[in-house]
Amino acid sequence: MSRRIPISPIDALRPGQRKLVFVDGASVVAFNIDGKVFAVDNSCPHNGASLASGQLEGHVLRCPAHGMRFDLRDGIEREATGLCPKQFPVQECDGQFVMRVDDPL
Ligand code: FES
């Protein structure tokens, strides 16, 4: 079963901004890149560091802990280790960005 979890009103998450969303005791970080929002688990698949403060280079997010890079368009780790953060599809609905979360998170 999946749920739709609100991220933010569209006007409150502008291009270049990011936001943490808490779901079932876990956190998801959403990035607005050029008007499209990408939501990923805030726990790096390498060793669990928070990805929320990672540096963005285009669509590529660099983990602040050990520097692994993830392409937010497909979640794939750029150095081909096979690690990728869990992603959540985002859509616009009734003036909000909303992500789809499958149970369990
Ligand atoms: S915890 Fe993210 S690269 Fe190590």
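# Strands, salt bridges and a few turns

A word on the background before we go on. This is a predicted model, in which local features need pLDDT of at least 70 and side-chain atom pairs count only at pLDDT 80 or more, while totals for chains, interfaces and linings use all residues. Residues are numbered from 1 along each chain as its sequence is written, and side-chain values use heavy atoms, with hydrogens and water left out.

Back to Asp-71. Which residue does the side chain of Asp-71 meet in a salt bridge? The partner is Arg-73, at 2.8 Å from N to O. For a salt bridge, a side-chain nitrogen of Lys or Arg has to be within 4 Å of a carboxyl oxygen of Asp or Glu.

How many salt bridges does a search of the whole structure find? It finds 4. One of them joins Asp-24 and Arg-3 at 2.6 Å, N to O. This pair ties together distant parts of the chain, 21 residues apart: Arg-3 belongs to strand 1, and Asp-24 to the loop between strand 2 (18–23) and strand 3 (26–33). When I say strand, I mean a DSSP run of E with at least two residues, numbered from the N terminus. Asp-24 is exposed at 56%, and Arg-3 is partly exposed at 24%. There is something else about Asp-24: its phi is positive, about 55°, although Asp-24 is not a glycine.

Another salt bridge brings Asp-11 and Arg-14 together, at 3.7 Å from N to O. Here Asp-11 is exposed, with a relative accessible area of 65%, and Arg-14 counts as partly exposed at 41%.

In what order do the strands of the open sheet of 3 strands come? The order is 1-10-9, and the pairing is antiparallel. Strand 1 (2–9) and strand 9 (90–93) stand at the edges with a single partner strand each, so one side of each has no neighbour in the sheet. On average, neighbouring strands here are turned by 35° against each other, direction ignored. That angle comes from axes, which are lines fitted to C-alpha atoms, with angles running from 0 to 180 degrees between N-to-C directions.

Two strands count as paired if DSSP finds at least two bridges between them. Strand 1 and strand 10 pair over 7 bridges, and Ser-2 stands opposite Asp-102 of strand 10. On the other pairing, 4 bridges join strand 9 to strand 10 (residues 96–102). There, Val-90 stands opposite Met-99, and Glu-92 has Phe-97 as its bridge partner. The hairpin of strand 9 and strand 10 has 2 residues between the strands, and Asp-94 takes a positive phi near 50° in it.

Asp-34 also has a positive phi, about 55°, although Asp-34 is not a glycine. Asp-34 lies in the loop between strand 3 and strand 4, and is exposed at 71%.

Let me show you two serines. Is Ser-27 buried or exposed? Ser-27 is buried, at 17%, and sits in strand 3. Leaving aside neighbours within four places in sequence, Ser-27 is in contact with Leu-20, Val-21, Phe-22, Asp-41 and Asn-42. Contact here means heavy atoms within 4.5 Å.

Ser-53, on the other hand, is exposed at 56%. Ser-53 lies in the loop between strand 4 (36–41) and strand 5 (55–57). Not counting residues up to four places away in sequence, Ser-53 touches Arg-18 and Pro-64. From Ser-53 to Gly-25, 28 residues apart along the chain, the C-alpha atoms are separated by 19 Å.

My last stop is a ring. Lys-36 lies over the face of Phe-38, at 5.5 Å from the ring centre. A charge sits over a ring if NZ of Lys or CZ of Arg is within 6 Å of the ring centre and within 35 degrees of the ring normal.

Conventions: Buried means under 20% relative accessible area, exposed over 50%, partly exposed in between (1.4 Å probe, protein chains only).
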